Amino acid sequence: MKLAVLLVLATIALLILGFALPVHQATTPGIVSGEALPGVGASANTPEAAVRSLLGDVQARDWNRAYSVLANNNNVPKEAFIRDVGGNYGSLRTFSSLEGSRTRVLNENGDQALVRADMHWSTAVGPIYDVKQLKVVQQGGNWKVEWPLEKQPTVPPQVVPVNYLRWDVISRGPEDDWGTQNVDSPRVRIVSMNAVQHGSTLVIVGEVVNEDTVPAFVDINAILIGKNDQNLDQESSFDKIQHTLLPKQVTPYRIDFPGFNLSQVKNVRMDAKAMLVPASADPVIAVLDQHEQNNVLGRKVLSGNLLNESGRVVNIAQVLATYYDSNGKVIWVSDGYVDRALLPQTPEPFAVDMPDSTVGKVQSYRVTVNHYMRQQS
Amino acid sequence: MRRVLPAACLTICLMAALALAAQELQLPATVNAGSGFAIATSGSGSATFYLVGPSYTAKRQVQLGQEIQVRPPEVRSAGRYLAILRSGGASRSGSFYVSAAKPASLSFLAHPSRIPVGQRGGVVGVAFLFDNWHNLVRRPEDVEFRLSTKNAPAAAQSVRTRDGAAWILMNSGTKAGNAQFVAALDGIEEARVIQQVASDPCHLQIRAERSPRGILVQTAPVRDCSGNPVSDGTVVTFTANSPAGLSTVDVPVKKDIAQVELKIPGPATISVASGVVMGNEVKVGGQQ
């Protein structure tokens, strides 16, 4: 009986202590203090707070709240804003979520300010970094963001005749006799290969061509051979290659060996595997206006526009850029995904990075495009 | 004594050999697969006959003094056979060899299924000869290999088999199209199709002109050095260098030509390539 009374008294005492001395709430795991998106519900009494509030709503996918705090929502239709931020047409953005961001006030002048937002999107193909410079204005005592809506030109209704080739494959069946002829695998050839040290990563770059008259699904493997003829590591080109090659098409490839140094390696054994696959010559994607420039962070990038010349939407596009030196040797391969879908006949901008180590050495470059299209029923 | 002992040994050996010979069955040395034959026996009474082959065994009662018939189905598989006749605790045996009968079918391996025109020794053919019972025919036979394309003379060569196989290396023709690759022997024919395809493009030429929406670039018919049109779907890369930057587009050949409309308003220098083959370069002025 005494023990029960003692326990009740102790519980009451602890409850009183809990109310009298509250514990301060810890920061949310995964969000680094000072750089993240506390946003939701925060009062926008500074330009930076307004941007962080907006990005917090975007992260929470609370489109109504995000739209309500825009300064220019009378000019930006709500549906267009949601499409711009959340993606459409099965683009990479529709498979993305905003994971974090950094904001920095670049300029503040009375009731106007310019804030840079470095956004880190988590996507189905890995992280994507996006930078926006947002104009923030003071309205009715609160700071609000003017959203820079990227307007997509509307494609007029039309019929686009597409009659490019399509290849289907009928292979030998299990019931066929021994000695019955099969269809050979396509002939592909590695036309160049170069080993480059990039920080602590050994990188193998080069190009491969489909020499055959049928499409090929290509994968490149590399084995590092050490000083004592031992296998150090083996890697494949994974997504740093255009896997499906039409006849006479050339693709760059890049194979990364993190933690390896060129001095450890005596030899590199390359292996190009090619399979005969059904393929289509559609769509044709032109890469227009390629030029080197500095992005808003001051980093050198290769940018341009992709133009989908077919009549179907390309849901996800990946850009592969090959950089050559003055001898025509491949010195680097960059890649980047475009997070918006490529609409028919509509240019879509892209930019891929040029590492500092290649600046000054790049004499020419070539851009190719990988595309992923949702199957049509 | 010294003279008698060797003579006695020789006599004993000869008698032993004669005794062994008397126990051997009288069998043909070789028999063609699927051909029956008879084994002569002597004496009287019944005996048990055993026949053991590579893929067949038999046991049956026979009458001594009568011929033992070995039926054709019993000797279908080529190889060494053992015949044993056992009577009253004594055995007589012998062996014979069944060789393949005359060729009845060809297994023909042809490689590759596709080959560019004008490749020396690029077409490989291997023929294996088999009789009616799938025995490899190992005696030498002459197999004729023929490679022919429509509207072009056929190339033919006869090759003698060695240990049942004949093989040949042939040059691909100069005309693209499906080639019939045939291996033939005494009315037996096996055909394969070798797709002879155009080789790398040769003398790649483009022309370009202003269009309302940009620059229309078109290749001349893309052909290899033998004049064969390249396969549809072959990728041609157009590169345009303009003040706005570099523009590239990979276009597949369709009905011998590749064309694209580059949306470039300003002047541009346009070049063309296909695989590792470069073409000409043309300059186009800006829009008026």
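Predicted model: local features only at pLDDT ≥ 70, side-chain atom pairs only at ≥ 80, totals over all residues.
Reader: How do you know that chain B and chain A are in contact, and how many residues take part?

Author: Contact means heavy atoms within 4.5 Å, and by that rule 39 residues of chain B are in contact with 40 residues of chain A. Between them the two chains bury about 3000 Å², 53% of it on carbon and sulfur atoms, where buried area is the accessible area (1.4 Å probe) that two parts lose on being put together, summed over both. Of the area that chain B buries against chain A, R114(B), L246(B) and T248(B) supply 20%, more than any other three residues.

Reader: Which element gives the most to the side of chain B that touches chain A?

Author: The rule finds 12 residue pairs in polar contact across this interface, both residues at pLDDT 80 or more, and the elements giving two or more residues to the side of chain B include β8 (105-111), β9 (114-116) and β21 (245-252). Among the elements, β21(B) gives the most, with 8 residues; strands here are DSSP runs (E, at least two residues), as helices are (H or I, at least four), numbered from the N terminus.

Reader: Why is L246(B) called buried?

Author: Buried means under 20% relative accessible area, exposed over 50%, and partly exposed in between (1.4 Å probe, protein chains only). L246(B) has a relative accessible area of 13%, and is therefore buried. This residue lies in strand β21 of chain B, and, leaving aside its neighbours within four places in sequence, its contacts include V287(A), L288(A) and Y365(A), together with T239(B) and A240(B).

Reader: Why does A47(B) also count as buried?

Author: A47(B) has a relative accessible area of 2%, so the residue is called buried. A47(B) lies in strand β3 (residues 46-52) of chain B, and among its contacts beyond four places in sequence are R60(B), V62(B) and L85(B). The C-alpha atoms of A47(B) and R60(B), 13 residues apart along the chain, are separated by 8.5 Å.

Reader: What makes the meeting of T103(A) and E48(A) a polar contact?

Author: A polar contact is a pair of N or O atoms within 3.5 Å; within protein, one must be able to donate a hydrogen and the other to accept it, and residues adjacent in sequence count only if both atoms are side-chain atoms. The side chains of T103(A) and E48(A) make such a contact at 2.9 Å, so the distance falls within the limit. T103(A) is found in strand β1 (residues 97-109) of chain A and, with a relative accessible area of 14%, is buried.

Notes
Residues numbered from 1 in each chain as written. Chains lettered and ligands numbered in written order. Heavy atoms only, no water.
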